[in-house]
Each structure stands twice: as C-alpha cells, then as structure tokens.
Amino acid sequence: MQEASIAVKDLACRRGDRILFRGLTLRLNQGEALQIAGSNGIGKSSLLRIVAGLAPAFSGSVEVCGSIGLIDERPALDPMQPLGKALAFWQRIDGAADNELARLGLSGLLDVPVRYLSTGQKKRAALARLIGQKARVWLLDEPLNGLDVHAVELTERLVAEHCAEGGIALVASHQPFDLPGMGRLALAEHAA
Ligand SMILES: Nc1ncnc2c1ncn2[C@@H]1O[C@H](COP(=O)(O)OP(=O)(O)OP(=O)(O)O)[C@@H](O)[C@H]1O
C-alpha cells in the first residue's frame, strides 16, 4: 500500500498583504486525522490549499507523501452533465472503483444534471468522486456544510474508514467533527 504522511514545518501563510498565520508545525502519519478549527477568515482553506500545492507557502515547508484528494465548496463535476456521466468522466481517469453511490444516497440521482442537485447532494457527489479517486491523503474543506444529520454521520464514518485503511485526513471545519482519536488544531493559536 502506498505510504501516506503530511509534514508541515514552521509554516507561514500570506494572503494579499496580510500574514494570516505563522509558526505552524504539524505531522500526520498513516491512519491519522486532524481537524483544523477556527473562525471564518482565519486561514483554514488557505492552509489546505498550501498543503494541496495549490497556493505557495510564505515561509516554512510542506511535504506530502501519497496522492491527494481535495474537497472544497466547488465539486469538480461538470454542472451541465447528468451526475452519472460527470462521475464516469473521473472513473475513466481514476480507474474503476466502488463510489459508494447507494450508501451516499446517489443511486436515484444519476440522470439529474449536476447543476440541479441540492447543496447536500452536491456535497455527497463530491464525496463519491473522492472515494473513486482512491487518494491516500484527504483534504476536506468544510465537508459537513449543507449536510443533514444522516449525511454528517455518514461523512464522519467514511473518514473513519479511510483512516482505518491507512489513509490520512486533514479536515478544515468550524463545526464539530466526530471522529474517535482525531486531533484538533486551533489555527487561532498561530494567528499572526
Ligand atoms: N487570493 C487572495 N488574496 C487576498 N486575500 C485572500 C485571498 N484568498 C483568501 N484571502 C483572505 O484570506 C483570509 C483567509 O481566507 P480563508 O478562506 O483561508 O479562511 P477560512 O478560515 O477558510 O474561512 P471560512 O471559515 O470562512 O471558510 C480571508 O480574509 C480572505 O479574504
């Protein structure tokens, strides 16, 4: 199985002309999960984007071992395509996989264009794509936003299963995320 780790050392993040946080050091090994907590605008999404390699660090270093899957507020699914075809596009790239469609309550929605899905349905569709991606490192930006109670529990369970299989989860959320053994880092403690 592919190894997985995240090592962040003395990281500082700058957005525009402001330093958001500095002196952030963390390490996650196989099977571990960490919640990045903090109020709106503190820099949670920015941290995930730096870890994903989508934004530069202002200073410090980030090393990620293992393939990365990122969920944020924009599901990477063609809004004009029916959900089934939008997911099939990724399956051709990611390879065949069980996307857990029934478990995610998506089996009956495969002919619905992605743009017509509700907020929670889009979020669950993004999870289906993430599962199909088979990435070792999950970066989840506010994964519980817009989900009903059942879908919140399911998301927490899916992350637990991912970690039990040796994956890693870095979860940015201002909401409680119920996962046994999950660490919690308050980003405010590193605010510049
Ligand atoms: N490209 C950018 N240029 C300038 N400022 C930016 C840029 N992107 C984000 N910011 C600012 O950086 C700050 C942190 O944004 P970020 O989205 O990381 O916060 P967050 O903790 O995820 O917030 P939320 O809980 O609302 O999602 C905000 O004040 C935002 O306006």
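Before looking up any partners, I noted that two strands pair if DSSP finds at least two bridges between them. I also noted that the model I am reading is predicted.

**Entry 1: the annotated stretch**

I began with the record, where UniProt, in an unreviewed entry, lists residues 6-189 as "domain: ABC transporter". Over residues 6-189 I found the chain to be 28% helix and 28% strand, with the end C-alpha atoms 20 Å apart.

**Entry 2: the five-stranded sheet**

I looked up the order of the strands in the parallel sheet, which is open and runs E5-E6-E7-E3-E8. Strand E5 (68-71) and strand E8 (183-186) stand at the edges with a single partner strand each, so one side of each has no neighbour in the sheet. From one strand to the next, the twist averages 15 degrees.

I then went through some of the pairs. E5 and strand E6 (residues 137-141) run parallel and are joined by four bridges, and Ile71 stands opposite Leu140 in E6. Strand E3 pairs with E7 in the parallel sense, again over four bridges, and here the bridge partner of Leu34 is Leu170 in E7. E3 is also joined to E8 by four bridges, the two strands running parallel, and on this side I noted Gln35, whose bridge partner in E8 is Arg184.

Is E3 largely enclosed by the rest of the structure, or left open? I found that four of the five residues of E3 are buried, so the strand is largely enclosed by the rest of the structure. For this step I needed the cut-off, by which a residue is buried if 20 or more other C-beta atoms lie within 10 Å of its own.

I also checked what lies across this sheet, and found helix H4 (residues 149-164) lying across strand E3 (33-37), E6 and strand E7 (168-172), at about 145 degrees to E7.

**Entry 3: the three-stranded sheet**

The other sheet I looked up is antiparallel and open, and its three strands come in the order E2-E1-E4. Strand E2 (18-28) and E4 are the edge strands, each with a single partner strand, so one side of each is left without a neighbour in the sheet. The twist averages 20 degrees from one strand to the next. E1 and E4 run antiparallel and are joined by six bridges, and the bridge partner of Ser5 in E4 is Cys65.

**Entry 4: helix H1**

Which strands does H1 lie across? I found that H1 lies across E1, E2 and E4, and that H1 runs at about 125 degrees to E1. In helix H1 (residues 44-52), I listed Lys44, Leu47, Leu48, Arg49, Ile50 and Val51 as buried. After H1 comes Gly53, which has a positive phi, near 85 degrees.

**Entry 5: Gly23**

Is Gly23 buried or partly exposed? Gly23 counts as partly exposed, because I found 13 C-beta neighbours inside 10 Å. Leaving aside neighbours within four places in sequence, Gly23 is in contact with Asp10 and His190. I also looked up Val64, which is 41 residues from Gly23 along the chain, and the C-alpha atoms of these two residues are separated by 18 Å.

Conventions. Residues numbered from 1 in each chain as written. Predicted model: local features only at pLDDT ≥ 70, side-chain atom pairs only at ≥ 80, totals over all residues. UniProt positions renumbered as here; feature names shortened; annotations may be inferred. Axes fitted to C-alpha atoms, helices over the stretch in contact; angles between N-to-C directions. Contact = placed C-beta atoms within 7 Å. Buried ≥ 20, exposed ≤ 12 C-beta atoms within 10 Å, placed from the backbone.
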